[in-house]
Amino acid sequence: MPAQVMAVNGGSAQDLPAKLTAQVVICSIIAAFGGLMFGYDIGISGGVTSMDVFLKKFFPTVYVKKHHAKEDNYCKFDDQLLQLFTSSLYLAAVVSSLFASKCCKRFGRKVTIQLASLFFLVGVILNAAAMNIMMLIIGRLLLGAGVGFGNQAVPLFISEIAPTKYRGGLNVCFQLLVTVGILAANIVNFFTASHSYGWRISLGGAAIPALFLAFGSLLIVETPTSLIERGYPERGLETLRKIRGVQDVQKEFDEIVNTTDLAKQIKYPFKNLMKRSSWPQLVTSGILQIFQQFTGINVIMFYAPVLFQTMGFHSDASLLSAVVTGTINTIATLVAVFCVDKLGRRFLLIEAAIQMFIAQVVTGGILAAFLKSTNALPKKYAYLVLFLICVFVSGFAWSWGPLGWLIPSEIFPLETRTAGFFCAVSMNMIFTFIIAQAFLTMLCHMRAMIFFFFSGWILIMGIYAFAFLPETKGVSIDEMNEKVWKKHWLWKRCFKDHRHHQPKP
């Protein structure tokens, strides 16, 4: 699940004149429609895979199992090919994000965003028109290419045009539109489920955000950092004045130029990531991506209708329940928009870990006690589980969802930025693929214990955030090493000369 931003500003936020201009807001919203594409796809796949007409056409064995009177509640949807329909997208995203990182560096963030929308559009057409499983999977792979390009470029784009002071809030706009996309998909699924071609309408609906991004990307500016990095300093200066809303941008411009010159000296950024001084950023970004997936959130978002059917909700009721959780997800993300730059990253992560842990443990306990192989979960407990899932989703939405992306996007310096962020994106997609491909089988074999499995990971996440994660709120990216990593009790050991390089007063 994905949100993200980083600033290119050096000095403190107060030192660099900048307004929150309409240009920045509009460009951020247009770019964040990449998140809407991603979110719609997350939400649509779970609803479509619960539709009888879709299962009958592409996965007839699952259709038979689903309607078998004595079929095990936990194993109705256990089918590797069905899981591949969902997970293949993320496998493609891993590969495509590598090419996207190269494209970002060579051709700019704007072109990469445009390519993301084109990949997505072709994938949508193939999915909506699919006549066999092969067309379906190829379409998903192309959608994955769009996700890989979008998730690589959009966070970098937003981060590089955002003033430091508003970095967190603007960044979370990406995750906010991911949640809006999930909600929109759940609503579409609810109204198309009973239609004979409902699955085609649902899958084809992804073209709307893709078209918006394709045409909107023609209007956005390229980031000053990308322009300067690619040898267009005059255009970079002009763009910087436009997005900052002030004429006095020379200090920020000079710092971007200096950072770019240093970055150009790094011939092999991926090799540079292996240096000891890059370990704090690389380890932190990678672990956050793993943790984000092992909260179990994508289980809820991918397979919400399937999960609710397992708990005894009928088809329409399960889709409506998915709409409820999607609504909670969107509303709760707004908390992150307004609080991330005030309360800080660590506070939200630790509080949410506690909240999600309790919700997962209680949910697992209810299912273990009351949902057996062939019975329906008693109605009062089914609604209690729905409430607990909403509690879980809300905690994730204002913490590990957006911040799991925001923090990695803040912490890499320019010389390893695209390479480092590629590692974060690819790590996220790899573990999203693993969870999506394995969940229905895990549910079949682990039953209610799967919730205890994820709650164990959430406990580890909370401890990690408390002990090892530094606060990055309000720190510009060029001073991240000096003000964050070299002052941290553990990570300062990665800098041999940290005692001799204190921040300037």
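## Salt bridges

Lys105, Arg109, Glu160 and Glu229 are tied into one network of salt bridges; a salt bridge here is a side-chain nitrogen of Lys or Arg within 4 Å of a carboxyl oxygen of Asp or Glu. Everything here comes from a predicted model, where local features need pLDDT of at least 70, side-chain atom pairs count only at pLDDT 80 or more, and totals for chains, interfaces and linings use all residues. Residues are numbered from 1 along each chain as its sequence is written, and side-chain values use heavy atoms, with hydrogens and water left out.

Searching the whole structure turns up nine salt bridges. One of them joins aspartate 41 to arginine 140, with the closest N and O atoms 2.9 Å apart. That pair links distant parts of the chain: aspartate 41 sits in helix α1 and arginine 140 in helix α6 (residues 133–161), 99 residues apart. Helices (H or I, at least four residues) are DSSP runs, numbered from the N terminus. Aspartate 41 and arginine 140 are both buried, where buried means under 20% relative accessible area, exposed over 50%, and partly exposed in between (1.4 Å probe, protein chains only).

Glutamate 252 and arginine 244 also form a salt bridge, at 3.0 Å between the closest N and O atoms, and both of these residues are buried. Glutamate 222 pairs with arginine 230 as well, the closest N and O atoms being 3.5 Å apart. Here glutamate 222 counts as buried at 8% relative accessibility, while arginine 230 is partly exposed at 24%.

## Aromatic pairs

Rings of Phe, Tyr and Trp (its six-membered ring) pair if their centres lie within 6.5 Å; planes under 30 degrees apart count as stacked, over 60 as edge-to-face and the rest as tilted. By this rule there are 21 aromatic pairs. Phenylalanine 58 belongs to helix α2 (residues 52–58) and tryptophan 199 to helix α8 (residues 198–204), so the pair ties together parts that are 141 residues apart in sequence. Phenylalanine 58 is buried at 8% relative accessible area, and tryptophan 199 is buried at 2%.

Phenylalanine 468 and tryptophan 489 make a tilted pair, 5.8 Å centre to centre and 35° between the planes. Phenylalanine 468 is partly exposed, with a relative accessible area of 28%, and tryptophan 489 is partly exposed too, at 43%.

## The nonpolar core

What about the inside? The largest nonpolar core has 136 residues, and Phe54 and Trp400 have the most contacts inside it. Such a core is a set of buried Ala, Val, Leu, Ile, Met, Phe, Trp, Tyr and Cys residues joined through side-chain atoms within 4.5 Å. Helix α1 (residues 22–48) gives the most to this core, with 13 residues.

Leaving out neighbours within four places in sequence, phenylalanine 54 is in contact (heavy atoms within 4.5 Å) with Val48, Thr49, Phe59, Phe85, Leu136 and Trp199. Ring pairs also join Phe54, Phe58, Phe59, Phe85 and Trp199 into a cluster.

Over in helix α1 you'll find leucine 36, which is buried at 13% relative accessible area. Its C-alpha atom is separated by 8.3 Å from that of leucine 176, 140 residues apart along the chain. Not counting residues up to four places away in sequence, leucine 36 touches Leu177, Val178, Val180, Gly181 and Pro209.

Notes: Helix = DSSP H or I, 4+ residues; strand = E, 2+ residues; numbered from the N terminus.
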